[in-house]
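Welcome! Here is a short tour of a structure that may be new to you. Please take a first look before reading on.

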Amino acid sequence: MLRTIGLKLVRLVPVLFIVSAATSLLIELVPGDPILVIIGAEGDIEDYERIEAELGLNRNVASRYIDWLGDIFTGDFGEQITRPGVKVADRLKQTFPVTIQISLMGMAMALLISVPMGSWAAYRAGSRFDRYSSGAAFGIISIPSFLAGLLLIFMFVFHSTVPRYAVLILGLAWSLWLLWSAARARREGAGGMLLRLAATIVVAGLTVWLANKWPSFPRQGFVRWTSEEGRLENLRSSLLPAITVGLTEIAVFMRLLRGDMQSTLQEDFILSARAKGMPPVRILARDALRPSSFSLITLAGVAFGRLIGGTVIVETIFRLPGMGSLIVNDGVNVGDFPVVQGGVLILATFYVVLNGAIDISYSYLDPRLRRGR
Amino acid sequence: MAADTVLVPDTDYVAGTVVDPLSHAQRLMRVTVGLIGGVAAIVIGLMVLTDVNAGYRVVLTVGGLVLLFLALDSAGKLVWGPLFETGLWMSVVWVAIVGLSAAFADFLPISEAKDASATIFDGTPTLKRPDLLSAHPLGTDRQALDVLGGIVYGARVSLQVSVLAVAIGILVGGTIGVMAGFFKGRLDTGIGVVTDSLLAFPPLILLLALASVMDRSPRNMAIALAILGIPTYIRLARVNTMVFAEREFVLASRAMGASRRRIMFKELVPNVALPIFSYAFIIIAVLIVAEASLSFLGLGIQRPDPTWGNMIAAGQDDFDRHPHLVFAPGVAMFLTVFALNRVGEKARELWDPRQAKL
């Protein structure tokens, strides 16, 4: 096990090297010029050349890259060119938690919703639930994330009474249905009447509470987890971005898990579990989920990496101080190469480590893979 | 790219004959009720209730459209049997409408959508609400430019960029992939390393760099997006080539003394091309979203040329008061992407033998 992890870590080095070298080449191609930002409209050509020499920007890409690389090995991310004195490491420390929180929340939400729904759709393949959820997933996949973000803002920020009444109506309808099924259970003498009554009360109570306490979501801005305004404020400001980020993934994961789960459910050990009289929830969660989750986990890793690298759209819509906007606005657009280099390095490291960890997790998911590697 | 994330086989084939769960009379009933109710709801929603809250009118119109869909569904199943896929055919029709209106945009009777100086003095109202029976069916924007016209010209840009990008991607990626899969060995390893690095690189940075080096014409956007798509095509072509290279007909051809070039072009390429083409629709859909995202961030094609992305970006500032500026192009894009995904899924089901086995 340790050897596998060690090998993965060794392979990290060349990938990060290639990515950072490619980044510095690409930055060279982008026309943004940090010196123009520093001297502004007043400066003349002497100022330009003086500053260029001071910052060492007149040297070629290769030597600047090697300097940067040397600094990185001592843990120094350098200073922002366009804002002298501001350490890139500090900017990264400020922005990374925002991005990671949004992505983590989005991912967690996507998995929490897609795994039960995908499993159930596979268990009842061809049923009404399966057809409707697959159809909905198909529709959700076709919504571009920036459109989803704007739609969420429209519903939850501008017209917050609409989702509020929708929750109220749907919740009350659900509890009425539960009440009716409790009555039917009593009439037919079947069990579970009390359970259904209790569920009715819980659902109705939750609905009324939620409709009463419906939170208002901010159009923009971000309250940090550690700020004194509290954790709730943080959740309130990050919920809509997280939904935006996670929405597409819900649908993608659901379809994937449904397909894999359906073929797992054909296996003999599922048949034997059924023959023993195991309840469906136990079969799905204990027996079928683990062998069905290979593609899901692989894809989740790729998707998480993509989320972290691609949050710039969400950060633009909700005006969040995250890494995507740092790299694009303060980095690429003004040619500030330490910012871009540092940011891309962090993102790439995260991506590669995550996918390495997923590779290692396969051997946990399937014991047959443990030996012989 | 996200291309491979949407490619999950999801259709069950029911063997043998299929019996329609509804009787002939029930189907006829649905057709009549759906047609009458749907048309009535749409007419009332769009034309009669002109001074009611827009939200109710939208709900009524959408309800009417759902009824119409159900009527068409039953009609289709009556005529062509119970396996008729209404959603698929409606998707085909929508793609055709978008494609044709993009191709013939210059001949369509749409109002000025590009030149803001033309609309200043001719009395066109700015920020007009959508009214399907007027000269501006989907309203106008801040500069009195027609939203429908913008959507049509935006469709032209989206389709041009994404179709061209897919064509370049198939040509370049397919060729490289077939070679990697056929020759294997060192060439394959080298190509594998390059594709892996391309896939690991943050796509946004690559697009940013490419978008800022080249001027933002549709052709250059297509090249930039094609570069993003090439690794996917290389992988697809490589895997399919490897599968086909093991088949008997390749062995037979080799035994008859065919040259390597002949085997590649006469035996492998025709077989590999079909599964790759079957992905084209889905990748076009992904690229439409990618192009729109770039325009939305201000990195794609700029005004005065309207694209779906830059129209939505321009409309988002006060779209609580003028939601049509965001949702008209947004709905057009959603429907197009949805339809392409639907058609693409069917195409893959029909033409990709590897997936069809699953």
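In H11(B), the buried residues are B:Trp308, B:Gly309, B:Asn310, B:Met311, B:Ile312, B:Ala313, B:Ala314 and B:Gly315. Buried means that 20 or more other C-beta atoms, placed from the backbone, lie within 10 Å of a residue's own; 12 or fewer make it exposed, and anything in between partly exposed. This is a predicted model, where local features need pLDDT of at least 70, side-chain atom pairs count only at pLDDT 80 or more, and totals for chains, interfaces and linings use all residues. Residues are numbered from 1 along each chain as its sequence is written, with chains lettered from A and ligands numbered from 1 in the order in which they are written.

**A covered helix**
- Helix H11 spans residues 308-315 of chain B, and 8 of its 8 residues are buried.
- Its cover includes helix H5 (147-183), H10 and helix H12 (324-351) of chain B.
- Helices here are DSSP runs (H or I, at least four residues), numbered from the N terminus.

**The nonpolar core**
- The largest nonpolar core has 144 residues, and A:Phe253, B:Leu225, B:Ile284, B:Ala285 and B:Leu287 have the most contacts inside it.
- Helix H10 (residues 260-296) of chain B gives the most to this core, with 19 residues.
- Such a core joins buried Ala, Val, Leu, Ile, Met, Phe, Trp, Tyr and Cys residues through C-beta atoms within 7 Å.

**Confidence**
- Chain B averages a pLDDT (the predictor's confidence in each residue, from 0 to 100) of 81, and 90% of its residues score at least 70.
- The model scores ipTM 0.80 and pTM 0.83.

Methods: Helix = DSSP H or I, 4+ residues; strand = E, 2+ residues; numbered from the N terminus. Contact = placed C-beta atoms within 7 Å.
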